Amino acid sequence: MSEETTFFFYDLATYLLNGITQGSVYALVALGYTMVYGIIKLINFAHGEFYMIGAFVGFYCIAAGMPLWMAFPCAMIGSGLVAITVERIVYRPIRYAGRIPALITALGTSLLFQYAGQNIIGADPKAFPKVTDFENQTYKFGELYISTNQIVIISTTFILMVFLYWLVNHTRTGKAMRATSFDKNAAELMGIDTNKIISFTFFLGASLAGAAGVLVGMYYNSVEPMMGLIPGLKAFVAAVLGGIGIIPGAVLGGLVLGIAENLVVGFWVSTYRDAIAFGILILILLFKPSGLLGKNTKEKV
Amino acid sequence: MDTILETKNLTMRFGGLVAVNNFSLKLGKTDLVGVIGPNGAGKTTIFNMITGIYEPTEGDVLLDGKSLIGDHVALITQNGICRTFQNIRLFKDLTVLDNIRLAGHFRMKYGVLASIFRTKKFHAEEARLKEEAMELLKIFKLESKANHLAKNLPYGEQRRLEIARALATKPKVLLLDEPAAGMNPNETKELTGLIRWVRDHFQIAILLIEHDMKLVMEVCEKIYVVDHGTQIAFGNPSEIQNNPKVVEAYLGVQDEEQK
Amino acid sequence: MSQYIADLALLCGVFIILAVSLNLINGICGQFSLGHAGFWAVGAYSAAAYSVYFAPPILDSLNLLIACGIGFISAALAGVLIGVPCLRLRGDYLAIATLGFGEIIRIFIMNMDSIGGPRGFTGIPKWSNLFWVYLWVVITIVFVVNLLRGTHGRAIISIREDEIAADSMGIYTFKYKTMAFVIGAGFAGVAGALFAHDSQFLHPNGFTFMWSVIILLMIILGGLGSVTGSVIGAVILTILPELLRFFGDTVSEWRMVIYSLLLIILMLWRPGGIFGKHEISLPFFGKKEKA
């Protein structure tokens with residue numbers, strides 16, 4: 001191999017690694033989008049804000065001196081609780097009003113958190129405290145650098161996904177979730193408390209987003225109230241890309257999106273970074289609206 | 001027989017499920033024909049294929065000998081097939097008059113700019129459209145309610161309006177999807193007379209899907225019976241009533257339900 | 001003070017045009033677009049590019065008219081480009097796709113150096129004034145109202161009511177969806193042109209998704225589907241931030257929080273807005289029809 005091709009492959013590996021790191025975060029957030037959509041057909045715009053809330057709960061816990069292994073679950077539970085509250089107060093009353101009113105409500109909720117956050121906490125980014133000593137270490141493989149943070153993000157994501165897989169496929173609650181998303185009325189007739197299941201789904205989705213928030217806070221070393229906006233939208237794109245309502249689809253979509261972004265930015269232009277996701281979204285909506293893993297369905301007349 | 005509408009071996013498959021299998025039908029210019037069958041027999045799917053909402057997996061639909069496969073739903077209506085819906089699909093927040101006027105939309109001969117600048121042509125065309133619409137409403141005894149919102153009409157009148165709206169497209173073939181659904185016996189009786197009258201007055205072919213056996217037997221001249229997407233019988237009402245296959249597949253089921 | 005009132009009135013006019021045009025798409029045709037700020041931006045930037053680079057030395061008002069025409073055409077073209085692929089999508093998916101396009105437009109502007117890119121576009125002549133803005137307000141309203149009282153407008157409304165029924169009545173729904181979308185985009189472009197020649201400075205961050213939401217809030221507040229409602233909604237939400245200033249800077253800072261709460265509360269308690277689908281008729285628009 002010539003020197004040039006060697007460098008090319010190291011570059012490629014670096015971008016892929018960055019893409020997988022970022023994609024894992026998208027995937028974690030996308031899971032919540034997809035689960036909520038699967039169960040009540042709502043595009044929960046405010047989902048990106050659960051990610052932001054998770055990041056801030058983590059930030060304050062760690063700033064107060066809590067060790068990471070405690071702050072992390074606290075952040076997950078914190079954003080989960082916020083999500084349950086939002087669902088109970090805002091989404092439940094509007095659940096049967098149709099998709100567009102629900103979407104607008106979600107939009108309002110999202111803006112409410114962003115701007116209330118800006119006014120209460122302040123719009124300036126806050127530096128995420130250093131958590132561990134090994135945090136910023138990098139390991140070198142030839143010309144490829146891997147940071148501890150990347151390993152933490154990828155492995156945490158992996159663990160959470162395995163946990164989710166087990167929860168959805170091998171527990172009673174998971175079964176009830178799948179039943180509710182398949183046919184809510186039938187699930188109710190079978191004695192499933194669908195309200196409880198929907199609340200739980202919100203909790204689960206938001207806590208995964210909260211986890212992603214803390215991971216990103218550590219990775220980029222900063223948190224701010226608007227941080228949920230773009231990743232939230234991109235995670236939505238990831239969910240649609242994989243096939244909204246399909247759990248493995250969210251993971252696939254997140255990874256594909258993360259990798260695509262980093263490859264384009266790395267090899268081509270960086271200024272269009274945020275346009276890539278929307279471009280992918282539009283392409284997928286036009287050519288395969290059911291997503292990569294979805295099945296095409298027909299509207300009933 | 002002078003055929004106006006013909007379907008040849010219509011077949012519709014959704015994935016592995018066969019909703020309609022090899023359904024063939026011939027409809028004369030002023031025939032009044034019924035399609036009956038138990039729930040889920042594929043009757044509405046047949047309508048959806050004829051009107052272009054679904055493209056059949058196999059088979060052909062011919063209007064006046066010309067194939068309609070691949071034509072846009074709107075074009076099929078413009079060419080002369082119009083329908084009503086099982087679950088009433090009126091323009092609920094529009095007036096009764098506007099519902100009728102919309103059915104005459106495709107025959108209007110002025111452009112967008114004419115309507116912005118209120119040209120002579122605009123006024124003339126609108127006046128003609130309104131006159132035609134009011135005439136139709138009079139026939140259907142709805143003219144006093146022309147300015148009511150469609151959603152505020154009582155159920156029976158909504159059904160009637162939907163038939164009037166379909167007729168306003170001046171169809172050659174009218175498809176009625178369970179017109180008596182949700183009606184009480186009195187309303188059904190009135191409807192029976194109305195359907196026959198519409199055929200005689202407008203001289204068009206009517207194809208209707210119905211659950212109400214009494215209505216079908218009374219009003220239709222010929223009846224197709226489908227079960228599981230397949231035609232199991234064809235004949236006049238008395239032949240159908242005495243066909244053992246029909247009794248088994250359809251009437252039998254209904255008897256059980258009634259018990 | 002009177003200058004301040006005049007400025008505010010001018011801004012009201014711009015937002016009336018934006019609200020009425022969005023209402024044509026969202027409220028009247030029922031196609032939920034979240035990308036209106038994108039069309040606004042296209043109109044503003046293309047009109048400004050005309051007056052900065054190409055405008056011949058003729059009467060200012062004539063130049064403004066040309067700029068508005070360019071704003072309309074370029075935004076309408078963007079509307080075709082976005083509408084034709086996206087309008088096949090339904091409901092919430094359409095909303096997200098238009099949101100995406102709105103942002104893509106902004107990112108593209110951010111990357112175009114000749115129109116200022118991230119620095120903003122400066123040196124736009126001050127040609128807008130109350131007269132021209134309100135002339136366009138009247139044109140927009142008359143256009144939309146007259147459209148609605150003809151067969152094409154009814155066809156547009158029928159799509160909101162029931163698309164499948166409309167198809168089945170012989171109406172080419174896709175054509176009319178696209179028509180509503182393109183006309184709506186075009187008038188948003190005019191609003192952009194007028195805005196550009198009032199503020200004299202444009203920045204991509206002035207056309208974020210947040211503005212699409214604010215215009216949306218205007219038409220929801222007034223009543224989706226009601227032109228009167230859009231006008232009232234636009235006026236209220238343009239003046240509200242100024243009123244909030246009287247209560248001090250802190251209250252004013254909470255503007256977006258108040259807006260988002262308003263959006264949620266409206267959806268929960270009064271989804272029809274102030275006017276529902278009703279209109280206040282003025283003799284000016286022609287007599288109310290009797291049957």
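Gly111(B) counts as partly exposed, because 13 C-beta neighbours lie inside 10 Å. A residue is buried if 20 or more other C-beta atoms lie within 10 Å of its own, exposed if 12 or fewer, and partly exposed in between, with C-beta atoms placed from the backbone. Gly111(B) lies in the loop between α3 and α4 of chain B. Gly111(B) and Gly42(B) are 69 residues apart in sequence, and their C-alpha atoms are 41 Å apart in space. Helices (H or I, at least four residues) and strands (E, at least two) are DSSP runs, numbered from the N terminus.

The model is predicted: local features need pLDDT of at least 70, side-chain atom pairs count only at pLDDT 80 or more, and totals for chains, interfaces and linings use all residues. Residues are numbered from 1 along each chain as its sequence is written, while chains are lettered from A and ligands numbered from 1 in the order in which they are written.

Helix α3(B) is largely enclosed by the rest of the structure, because eight of its eight residues are buried. Among them are Val96(B), Leu97(B), Ile100(B) and Arg101(B). The buried residues of α3(B) pack against α5 and α6 (155–167) of chain B, together with α6 (151–161) of chain C.

The interface between chains B and C was examined next. Here 30 residues of chain B are in contact with 23 residues of chain C. Contact requires that the C-beta atoms of two residues, placed from the backbone, lie within 7 Å. On the side of chain B that touches chain C, α2 (73–79), β6, α3 (96–103), α4 (112–116) and α5 (120–139) of chain B each supply at least two residues. The largest share of that side, five residues, comes from α3(B). Its residues divide into 15 nonpolar, seven polar and eight charged. Ala, Val, Leu, Ile, Met, Phe, Trp, Tyr, Cys and Pro count as nonpolar, Asp, Glu, Lys and Arg as charged, and the others, Gly among them, as polar.

Chain C also touches chain A. In this interface, 29 residues of chain C are in contact with 32 residues of chain A. Helices α4 (91–110), α9 (209–222) and α12 (255–269) of chain C each supply at least two residues of the side that touches chain A. The largest share of this side, 11 residues, comes from α4(C). The side of chain C that touches chain A divides into 22 nonpolar, four polar and three charged residues.

Strand β7 (residues 173–177) of chain B is largely enclosed by the rest of the structure, because five of its five residues are buried. In a regular strand the side chains alternate between the two faces of the sheet. Both faces of β7(B) are covered: Val173(B), Leu175(B) and Asp177(B) are buried on one side, and Leu174(B) and Leu176(B) on the other. Strand β6 (residues 81–83) of chain B pairs with β7(B) in the parallel sense over three bridges. Two strands pair if DSSP finds at least two bridges between them. Leu174(B) in β7(B) stands opposite Cys82(B). Strand β8 (residues 205–209) of chain B pairs with β7(B) in the parallel sense over five bridges. Ile209(B) in β8(B) is the bridge partner of Asp177(B).

Another sheet in chain B is open. Its four strands have the order β2-β1-β4-β5 (chain B), with antiparallel pairing. The edge strands, each pairing on one side only, are β2 (17–28) and β5 (66–67) of chain B. Strands β1 (residues 3–14) and β4 (residues 58–63) of chain B pair in the antiparallel sense over five bridges. Glu58(B) in β4(B) is the bridge partner of Thr11(B).

Chain A supplies a helical example. The 38 residues of helix α1 (residues 3–40) of chain A should span 56 Å at 1.5 Å a residue, and the end C-alpha atoms are 54 Å apart, which agrees. The expected span is 1.5 Å times one less than the number of residues in the helix. Lys41(A) follows α1(A) and has a positive phi, near 55°.

Thr201(A) lies in helix α8 (residues 194–220) of chain A. Thr201(A) counts as buried, because 25 C-beta neighbours lie inside 10 Å. Leaving aside neighbours within four places in sequence, Thr201(A) is in contact with Met35(A), Val36(A), Ile39(A) and Met177(A). Thr201(A) and Leu31(A) are 170 residues apart in sequence and 10 Å apart in space, C-alpha to C-alpha.
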